[in-house]
Amino acid sequence: SEERRVAADVDLGKSLLKIPGAIDKPAGTPLGLKIDVSQVDQTLEIRQGDLTVGPMALTSKGKVERLNSTPRVDVQAGTGRFSIDGLVRLLPAVRKAVPPDVKVAGQAEISLNAKGDAQAFDAAVTVQLSGADLRAPGATLVGSGGIRATAKQGADGGLTASVSADLSGLTLKAGEAVDKAAGVPAKIDVKLAKSGNRLQFGSLEVVFGPLNLTGSGGMAQDGSDADVSLKLADFELAGLARVLPSAIDGPMAKAKVGVEASIKGNLSDPNTVALDVKALRFALGRSRLSGSASVKNGPAPVIRFDLNAPTLYVDEIAPPGPEEAAEEGGPIVIPEIAKVIDARGRIRIGRGNARGYDFSNFDGQVTLQKGRLSFQKMDLQAFDGTFSAARTLADLRAVPPRLKLRVDLRRVDAAKLLSQTADLGDHLQGRLTTTVNADAKGLDWPTISQSL
């Protein structure tokens with residue numbers, strides 16, 4: 001059989017190449033491509049396939065058989081270890097920030113192999129970085145790390161794939177957004193299988209600082225029919241805030257959280273997605289809360305919850321601002337989402353405070369539908385007595401909200417109640433037992449008092 005051969009040598013090393021924001025290659029920096037392939041019958045042999053970019057030289061060789069039917073490849077490619085200095089300097093931001101006489105330390109290596117055809121194949125890509133030391137204004141990359149991806153498909157069409165990355169050995173800094181020291185865990189490990197039209201996650205693990213997220217489940221290739229379970233192990237947000245300084249601040253940065261949840265629906269259509277939080281755990285200072293919740297997304301989200309808090313000090317979790325504190329709480333702003341959601345649930349609180357008021361033995365069962373809030377039950381102890389507001393209704397659609405207040409008071413310390421809520425001091429002494437029926441406007445006392 002006759003052999004046909006093609007060879008080419010493209011050398012752009014002497015050329016200047018600039019792509020704004022992407023590449024800045026000065027004249028003299030190697031950039032070239034060498035190809036030497038031959039074909040005999042239906043087999044293509046890659047004798048040489050070399051790509052040179054700065055100090056990186058990617059060489060490849062192999063075969064492509066059965067060109068007239070279903071091509072079968074057997075190709076290997078790799079760079080060997082090379083210095084990253086010349087490669088990263090092709091990036092305009094690095095070239096501008098790092099002086100020419102300062103060497104960027106570190107080596108990298110890339111390897112690739114692929115074997116098989118469209119029905120059955122085996123492929124892997126590995127990228128390894130070692131001894132890197134790149135320091136520029138606003139960015140730092142120091143240390144070692146690696147990424148490996150594999151894919152294998154059998155004759156039956158079943159596909160298995162994996163992606164693993166370990167960047168724990170790297171120091172990464174990016175402005176005020178990221179500040180990860182070497183040794184802080186940063187790993188991704190995903191194992192995926194495909195059978196027919198369905199993708200199945202054998203395992204999913206993401207570790208970043210104190211955060212450890214694991215999961216499993218599956219979905220159709222187009223994102224529909226998803227059923228994914230996720231578990232976020234209990235961790236302290238303060239540890240994550242040290243790695244992502246600008247992402248978390250305020251009192252919440254000291255919280256400890258954990259979540260176990262599942263996601264179902266068509267991920268390409270958010271209106272069909274349902275989130276089921278089977279277990280929620282939250283701790284901050286003296287506050288402890290746990291429970292479950294579910295959210296069905298859509299134009300009118302459906303929310304169900306059941307929460308229990310032995311202690312919940314709202315003022316420690318979300319302290320009022322200076323203006324809010326000066327106005328004894330300030331007017332409550334109703335978010336627009338509260339006017340369309342369908343929410344129902346129960347929350348029990350052993351002891352806590354909110355907007356400056358201490359309470360205990362809170363038990364509330366509430367319903368919020370189309371902006372109308374009603375209490376099936378709301379019992380609590382405060383001011384040395386008991387309150388029950390089971391018949392209270394609020395229309396949150398109005399501005400300000402309209403309130404039908406129905407509250408039973410039993411043996412409440414009148415002096416404490418009036419001095420803290422109405423600034424009336426000790427004008428009234430004794431225990432107060434009464435039923436309050438009032439139609440008012442607003443949800444905070446200063447606004448309510450003006451409409452009574």
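Begin at the hairpin that joins strand S27 to strand S28 through six residues. Strands here are DSSP E runs of at least two residues and helices are H or I runs of at least four, numbered from the N terminus. The model is predicted, with local features requiring pLDDT of at least 70 and side-chain atom pairs pLDDT 80 or more, while totals for chains, interfaces and linings use all residues. Residues are numbered from 1 along each chain as its sequence is written, and side-chain values use heavy atoms, with hydrogens and water left out.

**Stop 1: the strands around S28**

Select residues 393-395, which form S27; three bridges join this strand to S28 in the antiparallel sense. Two strands are taken to pair if DSSP finds at least two bridges between them. Within this pairing, Ala394 has Leu403 in S28 as its bridge partner.

Then select residues 431-441, strand S29, which runs antiparallel to S28 and is joined to it by ten bridges. Leu432 in S29 is the bridge partner of Val412.

**Stop 2: the nonpolar cores**

Which residues touch the most other members of the largest nonpolar core? Select Phe235, Phe282, Ile349, Phe362, Leu368, Phe387 and Leu396, which hold that position among its 43 residues. A nonpolar core is a set of buried Ala, Val, Leu, Ile, Met, Phe, Trp, Tyr and Cys residues joined through side-chain atoms within 4.5 Å. Buried means under 20% relative accessible area, exposed over 50%, and partly exposed in between, with a 1.4 Å probe and protein chains only.

To follow the elements behind this core, colour those that each supply at least two of its residues, including S18 (226-236), helix H3 (237-243), S20 (274-284), S24 (357-369) and S28 (402-413). The largest share, five residues, comes from S25. A second, separate core holds 16 residues, among them Met56, Val88, Val98 and Ala132. In soluble globular proteins, nonpolar side chains tend to be buried together.

**Stop 3: a nonpolar surface patch**

Select Val10, Leu12, Leu33, Ile35 and Leu51, which make a nonpolar surface patch of about 350 Å². Patches are made of residues with over 30% relative accessible area and no salt bridge, like charges being joined within 9 Å and nonpolar side chains (Val, Leu, Ile, Met, Phe, Trp, Tyr) within 5 Å. Accessible areas come from the Shrake-Rupley method with a 1.4 Å probe, and for residues only the protein chains shown count as cover. Leu51 lies in strand S5, residues 43-53, and is partly exposed at a relative accessible area of 33%.

**Stop 4: salt bridges**

How many salt bridges does the rule give? The count comes to 23, a salt bridge being a side-chain nitrogen of Lys or Arg within 4 Å of a carboxyl oxygen of Asp or Glu.

Show Arg95 and Asp24, whose side chains meet at 3.9 Å, N to O. This pair links helix H2 (residues 92-97) to strand S3 (residues 23-25), with the two residues 71 apart in the chain. Arg95 is partly exposed at 32% relative accessibility, whereas Asp24 is buried at 15%.

Move to Arg281 and Glu260, a salt bridge of 3.5 Å, N to O. Arg281 belongs to S20 and Glu260 to S19 (residues 256-265), 21 residues apart. Both count as partly exposed, Arg281 at 25% and Glu260 at 29%.

Next, select Asp363 and Lys377, where the closest N and O atoms are 3.1 Å apart. Their bridge connects S24 with S25 across 14 residues. Asp363 is buried at 12% relative accessibility, while Lys377 is partly exposed at 27%.

**Stop 5**

Finish at Gly202, in strand S16 (residues 198-208). Is Gly202 buried or exposed? At 61% relative accessibility, Gly202 counts as exposed. Leaving aside neighbours within four places in sequence, Gly202 is in contact (heavy atoms within 4.5 Å) with Lys191 and Ser216.

S16 pairs antiparallel with S17 (residues 211-220) over nine bridges, and Val206 has Leu213 as its partner. Two residues lie between these strands in their hairpin, where Gly209 takes a positive phi near 60°. S17 continues antiparallel to S18 through six bridges, with Thr214 opposite Lys231. Five residues separate S17 and S18 in their hairpin, and Gly223 in the turn has a positive phi of about 90°.
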